[in-house]
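Dear colleague,

Please find below the structure that I am handing over to you. My notes on it follow directly after.

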Amino acid sequence: MLRSFLVLFITVAAANCYAAAMQQQLYSPDKNISLDINTVKGLTYTVYADGRRIILPSVIDMELLTGQKLSQGLRVKSMSRRRVNEVITAPVPDKRKQIPDIYNEVTIQFKNGFGVIFRVYNDGVAYRITTGFKNVITVKDETAKFSFAAGAHAYAPVIHKREGQDVYHTSFEEQYPYKALDSLSADSFMYSPVLVAVNDHLKIGLTESDLDDYPGMFLRGVNSSALTATFAPYPLKERVQPGDYPQKVVAERANYLSKTNGSRNFPWRVMIIARQDKELPGNDLVYRLASPSKIKDTSWIHPGQSTDEWIIDINLFNVPFKAGLNTASYKYYIDFAKRFGFERIMMDAGWSDNNDLFKINPAINMDTLAAYAKKQGIKLSMWTLSMTLDRQLDSALKQFQKWGVDFIMTDFIDRDDQPVVNFYKRITQACADKHIMIMFHGAYPPKGFNRTYPNNITREGVLGSEYNIWSDKPTPAHNLTLPFTRMLAGPMDYEPGLLNNAAQGRFIQQKGNPMSQGTRSNQLAMFVVYDNPLQIFSGNPSQGYLEPKFMELLGSLPTVWDETVILDAKVASYIVTARKKGNQWFIAGMTVEARDIIVDLDLLDSATYDAVICTDGVNADHYGSDYGIDTQHLTKKDKLPIHMAPGGGFLIKLTSKERDTY
């Protein structure tokens, strides 16, 4: 739903706009960001913030296989400007329900069949290439350069190339080391978002939005203070990579990126601008730029919390049955979900043959489980291998409907070339037709797709909790880089909630009983700090039963929000996030180093609130699972002192004692 307050169109006749279009300027609504567009020698743009140049002249171009280029013969055919002030109502509000969408825009159409649209917001700049050809076109290459002043650095998710595959095969699960831009060579491939630190204060998040029928944007170094886009070429031949989780990989690529409609808009190239780190985690520019929902009725989409058993390897205890991939274990998960307020459980890999969704594990009776889950008011969710789901799509979705399944995961995709981008759309639309939500794993970030198809409720594309099984990569610093980097491109399925927590320096890897690095309260805080409308609890329910007060708090947390406010934050260091849902506020914090803060409650209204407060225990710096839960009555006049241990955190749940007027 869009409520339009003001839309102003100014169309300039082609005969009069040629000279003016040689150099155009566009300002943000608040006048603090400006964009210079220059078409004298090719197409370049320059970005200014607060009167300072933050992006140096940077090239935009596109070349077709026929040899036609955007930059050739840049004679302006027409130009129009508009100002927009609207409000987007999000059907699945991972940050906020009402999203102001305010920007100034200029559209330039060239006589050579190409065009470009620029938008300037108060919090960023974006542009997209357009084409107006009659027939199908083949895009050979696109140039998208981002140039910065000397000394710029980046939080750079450099891809580790897989043996026997090209660099465009990735699960989009890397760390974000801080690197000087001029240290990044042409061999340094990164997926987006990439966060660039222009100076000590200002940062720019580089990513894209509205990706459709086109390969995703990677970035690579150029041995200077610049990054340039690169894209996976079109796959000509594929082969199946064998193993427990087979997947299609590219054996041969073409000398072009995509074959697509000749008249279309290409993806937005997005530059999110932040003067303070705390402006980044709550930013929703990528969502605003995406195409509106193609699903008219979204009432059947139900966010919420789920359990998952894969990370702990179904390592249950204090149970009268043999734990494993069997009916009794999943009934136990259903009972756990019912007890602590989870909406659904995930049945992860192993419930069926990975290569045949109708070859069900003989230890599992799906009809019995479906009936039991329905009786308990709990939904079943199913893991699938993407290659198998694609092959059995229609029949599988019908079977899932019979079992009452309203949410599935599909896994092991690990590409974003044009056919795979179209795979996401085709699968998501098929699920929407059956009123089924879907999450992609081994996947690139949403990049606005979750606005266009709200039933694609979340994605992985993040180095998350599962890595605790086999590595030490999910450090507190990594976990506190994600809200400022990966989360810029949409919701992420990190799967927090591990109940075995190790103080920094005491972490060990152990299958079946994985630890998190950091404290228990740190894991709890992730459920509020991280955007994810379908949060998945990855901890051990047998341990959870021993700590009912903690689990009741965790199970009561919403996953979608009326409003999000980042109270304070520093990338890779700490964050304090406040979110509102109905008559409740939730405030959560995470830190790398030990930290003492004061939580000011002046964002509350005049009501008195019942508060449940979970903080690091006095010994959490040595024993990570040490925590304390307290209850108080609080008002907006109160200020709460909070101590966070190294790798620590906290969570405050505030419920108004007055009637909810939401």
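Cys 614 is buried, with a relative accessible area of 0%, where buried means under 20% relative accessible area, exposed over 50% and partly exposed in between, for a 1.4 Å probe and protein chains only. Cys 431 likewise counts as buried, at 0% relative accessibility. A search of the whole structure returned zero disulfides, a disulfide being a pair of cysteine sulfur atoms within 2.5 Å.

This is a predicted model, in which local features need pLDDT of at least 70 and side-chain atom pairs count only at pLDDT 80 or more, while totals for chains, interfaces and linings use all residues. Residues are numbered from 1 along each chain as its sequence is written, and side-chain values use heavy atoms, with hydrogens and water left out.

Thr 428 belongs to helix H7 (residues 418-433); helices (H or I, at least four residues) and strands (E, at least two) are DSSP runs, numbered from the N terminus. Thr 428 is buried, at a relative accessible area of 0%. A polar atom of its side chain lies 2.6 Å from the backbone oxygen of Tyr 424. Apart from neighbours within four places in sequence, Thr 428 is in contact (heavy atoms within 4.5 Å) with Ile 438, Phe 440, Phe 449, Tyr 453, Asn 455 and Asn 456.

In the seven-stranded one, which is open, the order is S30-S29-S28-S27-S24-S23-S33 and the pairing is parallel; two strands pair if DSSP finds at least two bridges between them. Strand S30 (456-459) and strand S33 (534-537) stand at the edges with a single partner strand each, so one side of each is left without a neighbour in the sheet. Neighbouring strands of this sheet are turned by 25° against each other on average, direction ignored. Strands S23 (residues 304-307) and S24 (residues 344-347) run parallel and are joined by two bridges, and Ser 306 stands opposite Arg 344 in S24. Helix H3 (residues 327-340) lies across S23, S24, strand S27 (379-385) and S33, at about 155° to S24. Axes here are lines fitted to C-alpha atoms, for helices over the stretch in contact, and angles run from 0 to 180 degrees between N-to-C directions.

The other sheet is open, has six strands in the order S34-S35-S36-S41-S38-S39, and is paired antiparallel. Its edges are strand S34 (563-570) and strand S39 (627-634), each with a single partner strand, so one side of each is left without a neighbour in the sheet. The twist averages 10° from one strand to the next. Strand S38 (residues 609-616) pairs with S39 in the antiparallel sense over eight bridges, and Ile 613 has Asp 630 in S39 as its bridge partner. S34 and S35 pair in the antiparallel sense over seven bridges; Thr 564 has Arg 579 in S35 as its bridge partner. The hairpin of S34 and S35 has three residues between the strands, and Ala 572 in it takes a positive phi near 65°. Helix H10 (residues 520-529) lies across strand S35 (574-581), strand S36 (584-591), S38, S39 and strand S41 (649-656), at about 130° to S36.

Finally, H3 packs against helix H12 (residues 548-555) at an angle of about 80°, with the axes 9 Å apart. That makes H3 roughly perpendicular to H12, the classes being roughly parallel under 35 degrees, roughly antiparallel over 145, roughly perpendicular from 65 to 115, and oblique for the rest. In this packing, Phe 336, Arg 339 and Phe 340 in H3 meet Pro 548, Met 551, Glu 552 and Gly 555 in H12.

Yours sincerely

Technical notes: Polar contact = N/O pair within 3.5 Å; in protein donor to acceptor, adjacent residues only side chain to side chain.
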